[in-house]
Amino acid sequence: MPEPCDKNQVEEIKSVLAYFGSDGVASRLDLNGANLTNVKLKGSTGEGIYLLLKSQLSDSPKLQSLLGKTAIERALVRQWVDFNLLEASKNTFQPDSVLKELDSSLTNTFFAGNSLTLSDVLFYYTLYRTYENLTFEQKEKYPNLSRWLALVQEDAQLRQGRPRIHFIRTPLYNLK
Amino acid sequence: MVAGKVDTGVKDDARSKNALKKEAKDAAKLAKKQAAQEAQGKPDEADSAEDHSKGKYGKLEMNASQNKVQRELKRVSDIDTSFANKSVLIRARLHTSRAKGKQCFVVFRQGRSTIQGILTVGDIVSKQMLKFVANISKESIVDVIGKIQNVPNPIESCTQSDVELVCEEVWIVSEAEPRLPLLIDDASRPDSETGEDGLSKVNQETKLDNRFLDLRTPTNQAIYRVEAAVCRFFREALDKQGFVEIHTPKIIPAASEGGANVFKVSYFKTSAYLAQSPQLYKQMAIASDFEKVYTVGAVFRAEDSNTHRHLTEFVGLDLEMSFDSHYHEVMDTIGNMFTEIFKGLKNNYTKEIEQVRKQFPSEEFAFLEPPLKLQFPQAVKMLRDVGIEMGDEDDLSTPNEKLLGRLVKAKYGTDFYMLDKYPLAVRPFYTMPDPKDPKYSNSYDMFMRGEEILSGAQRIHDSAFLTERAKHHGIDLETIKSYIDAFKYGCPPHAGGGIGMERVTMLYLGLDNIRKTSMFPRDPKRLTP
């Protein structure tokens, strides 16, 4: 496992807050060994980025718009946020099984439907560090996930200066 | 074993129950043993009865060329329905046998062909004969005389599937020991069929340790015939162009290229080295007016690399050619030579290639005519376009070479291409620099399925310039004195390159390990057989 994994995961927390324009909140967080799953305010008990956003940014229109428009969408957003915090954020690099599951679930353009939601925002940061290290052959194994990442990384406010992950559209490896 | 304790309340009874069970088991075992012993050692009733097949089977005396006998042996591969009701004599290996009651089914194997044989106790075959044949150990070489008959349903497991051999005489020519280190069937099994139903395969180490058995598999029989063809087409393509085959020494006084990876041998009172390449001698032959030469011989590299594509000893197919005005004359000759090899294999060895692909599936090798030629800067651009970062004068790393191979295949549809104008900084000191751009050189690499198979260049044929370049590379001129001397008395401009026979075969067939194409491979961990 690469060394500065704690640092990367703290970066993710900061990036999520910056996406919603609330980086100021970072100073009130207990960032020691924090990641998206266990981050909490200093002196408080509630854990996880979702609770944090809901409590600190409850009146942010941007957050509200990304929680889902219909009931189904809202349910899917919750489901995927939970999945991310339980499964995907656990490890610095997700195992093949998680990536496969995400890939097969991406039948629509985004995770919860046809527009960007909080689930996509969180997954971008969680998966970025994995995708940075994949070979082209591995990226070809997850065509939907790769397609999704190539799409969402075009949002400059989401990417926040990170280098774009490279994808090759032509299939090179004839994977069955 | 017993899951939980059953408390019967009376311990002694429980024990004696178990003791009784044990006794019964032992008695059954003993009875079985006795029955087996009787069946083996002691002559049973069948034997004491008259054997009407006497003189039709048995073990032949070891052949020390006692007699000259004129008789016609048929090749198993030739036997088909046209032989129906005819009597034939074959010499083949006993591949498998299965006896059931009064019948015995045998499969005979000769090279890559197999045919089913059948014995039924009756007028021709006695019980004793059937027993004898059923007990012949696998891989024994046998002479069989019998009648061919057509079969109503094709025998899928045999190559000669529409006939079977009704055996009348069976003689052992050379007996195999009963315990084989590996089974030919297991060694021939494709990976996709192993694991399920407990079908086993043989791992590479075991195969290599028992190479003389492993080489008998139909796949290996095919692979080495393809490899022989690679050499044949190499020679034919170059002979047609007026090349002369030469043979260069392998025991040399000094390390030729790069020093570090040479084997040292004791040479009487001093030491010598095993040649890493025939480079120096190829060029001396050019300086000696042979104009176009090639050599096929052993190459020794003492590299401690344990990879799928490195051997410490392999066969190099090297060529060197003097040219008129431009080194592309040589590059094109080499490209055309490859095309001839690929075409020759594709048109004449389809059966062998198919046999290999049965056990080791792969995609058919695609190539263009004339071969694709790219420039090094183009390759760098293709890699940079997909996000690979590299400098203009950087060499291609192995992963980048592989990725480039994939990109080229996707874009141009070929598994073989040539890459021209490598950066000067990454090539040996004797490479001629590009006259128009000092960053680059008149050198080239060629690739098959994304792996490098040839490195070549225009060589510096001027001794003064060669000395200058050697100094630039910080090479001790004393160690290469004889090399520089070769160019002191007039030498035509020339270029060339060398390929590894095993690597070309491996990549053409789409195999994953070079040990599959080296009959008795040598690597840092293997010196036998």
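Biologist: How many residues of domain 2 of chain B are in contact with domain 3 of chain B?
Modeller: Ten, and they touch eight residues of domain 3 of chain B, with contact being heavy atoms within 4.5 Å. Keep in mind it's a predicted model: local features need pLDDT of at least 70, side-chain atom pairs count only at pLDDT 80 or more, and totals for chains, interfaces and linings use all residues. Residues are numbered from 1 along each chain as its sequence is written, chains are lettered from A and ligands numbered from 1 in written order, and side-chain values use heavy atoms, leaving out hydrogens and water.

Biologist: And how much area do domain 2 and domain 3 of chain B bury between them?
Modeller: About 660 Å², 36% of it on carbon and sulfur atoms; that's accessible area (1.4 Å probe) lost by two parts on being put together, summed over both.

Biologist: Which residues in domain 2 of chain B lose the most?
Modeller: B:Ser188, B:Gln204 and B:Arg211, together 54% of what that side buries.

Biologist: Switching topic: what area is buried between chain B and chain A?
Modeller: About 700 Å², with carbon and sulfur atoms giving 66%. On chain B's side, B:Val386, B:Leu403 and B:Arg406 supply 59% of the area buried against chain A.

Biologist: How many salt bridges across the interface of chain B and chain A?
Modeller: Zero by the rule.

Conventions: A salt bridge is a side-chain nitrogen of Lys or Arg within 4 Å of a carboxyl oxygen of Asp or Glu.
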